[in-house]
Amino acid sequence: MGKIVLQGVEKHFGDVKVISNVDLTVEDGAFVVFVGPSGCGKSTLLRLIAGLEDVTGGRILIDGTDVTDLPPMKRGLSMVFQSYALYPHMSVRGNIGFGLKMAGLPKDEIARKVEAAAATLNLTQYLDRKPRQLSGGQRQRVAIGRAIVREPKGFLFDEPLSNLDAALRVNMRIEIARLQKALATTAIYVTHDQVEAMTMADKIVVLNAGRVEQVGSPLELYDRPDNLFVAGFIGSPK
Ligand code: ADP
Ligand code: MG
């Protein structure tokens, strides 16, 4: 479960075409990275998949079901943002369980799921802390915990590590990749960082000005870039 298909997806903001005719298949269980320069439409494409923006044209299918007109909560995907967006007044436990509470799950079931997610993320000892009592990496793990407990078909990450320092970023890359494989969940991960894309992806989607330039494994893009844009972008880590 968790195959995501885009068919001719378009997004206009007023007269400005931000996403142009994107066709893409993200296989079940794959870790796919959207990469491209700032402003090329990575976040917009992710938000269209999440349902946080409406498409101007085209269709989005998840496991064969057309979700184009479904609200975010009905798509079975969980989004992790760069700003941790944790509730400052709630404990880690409260933050991780918040979505389940909103969905009306019974208290004991919420407790069980929150504790399982915390164990997976090595957060058990922090469950009663507030976000301000955590390090940046721990906060990011809480944000991931909040996504995990909903048992989504897919995770959508929008530059989740860009606020972290370099050393922590490397650790979290490894942790996110490990977690994604362990949960066998589809992931789409947005970054403008070529190194992140090359090290984390099963498949990279290179975006440029709202269009897909090339899709391939890190090795394919490195060895056989279709054009100069891809070659320049993949070959020149910042
Ligand atoms: P990226 O994530 O790759 O940096 P974005 O998807 O955020 O790019 O933005 C792509 C383009 O769409 C940019 O030119 C941006 O200014 C524009 N854009 C994004 N959101 C909106 C919006 N809500 N209204 C108008 N323009 C937008
Ligand atoms: Mg963005």
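Mentor: Let us begin with ligand 1, whose shell divides into three nonpolar residues, six polar and one charged. Please bear in mind that this is a predicted model.

Trainee: Which residues make up the shell around ligand 1?

Mentor: They are F13, V18, G36, S38, G39, C40, G41, K42, S43 and T44. Helix α1, residues 42-50, supplies the largest share, three residues.

Trainee: Why is V33 called buried?

Mentor: The criterion for a buried residue is 20 or more other C-beta atoms within 10 Å of its own. V33 has 25 C-beta neighbours inside 10 Å, and therefore counts as buried.

Trainee: Where does V33 lie, and which residues does V33 touch beyond four places away in sequence?

Mentor: V33 is part of strand β3, residues 31-35. The residues touched are Y189, T191, A197, M200, A201, I204 and V205. As for M200, 167 residues separate it from V33 along the chain, while their C-alpha atoms are 7.7 Å apart.

Trainee: How do you know that β4 and β5 pair?

Mentor: Pairing requires at least two bridges between the strands. Two bridges join β4, residues 57-62, to β5, and the strands run antiparallel. Within β5, T65 is the bridge partner of I62.

Trainee: What is the order of the strands in the open sheet, and what makes β2 and β5 its edge strands?

Mentor: The four strands follow the order β2-β1-β4-β5, with antiparallel pairing. β2 (16-26) and β5 (65-66) are edge strands in that each pairs on one side only. Helix α1 packs on this sheet, where it touches β1 (4-13), β2 and β4, and its direction makes about 60° with that of β2.

Trainee: How do helices α2 and α4 cross, and is the crossing left-handed or right-handed?

Mentor: The axes of α2 (residues 92-102) and α4 (residues 136-148) come within 7 Å and cross at roughly 30°. The crossing is right-handed. On the α2 side, V92, N95, I96, F98 and G99 meet V142, G145 and R146 of α4. These contact residues comprise four nonpolar, three polar and one charged.

Key: Residues are numbered from 1 along each chain as its sequence is written. Chains are lettered from A and ligands numbered from 1 in the order in which they are written. This is a predicted model: local features need pLDDT of at least 70, side-chain atom pairs count only at pLDDT 80 or more; totals for chains, interfaces and linings use all residues. Axes are lines fitted to C-alpha atoms, for helices over the stretch in contact, and angles run from 0 to 180 degrees between N-to-C directions. A crossing is left-handed if the near helix is turned anticlockwise from the far one by less than a right angle, and right-handed if clockwise. Two residues are in contact if their C-beta atoms, placed from the backbone, lie within 7 Å. Ala, Val, Leu, Ile, Met, Phe, Trp, Tyr, Cys and Pro count as nonpolar, Asp, Glu, Lys and Arg as charged, and the others, Gly among them, as polar. A residue is near a molecule or strand if its C-beta atom, placed from the backbone, lies within 6 Å of it. A residue is buried if 20 or more other C-beta atoms lie within 10 Å of its own, exposed if 12 or fewer, and partly exposed in between; C-beta atoms are placed from the backbone.
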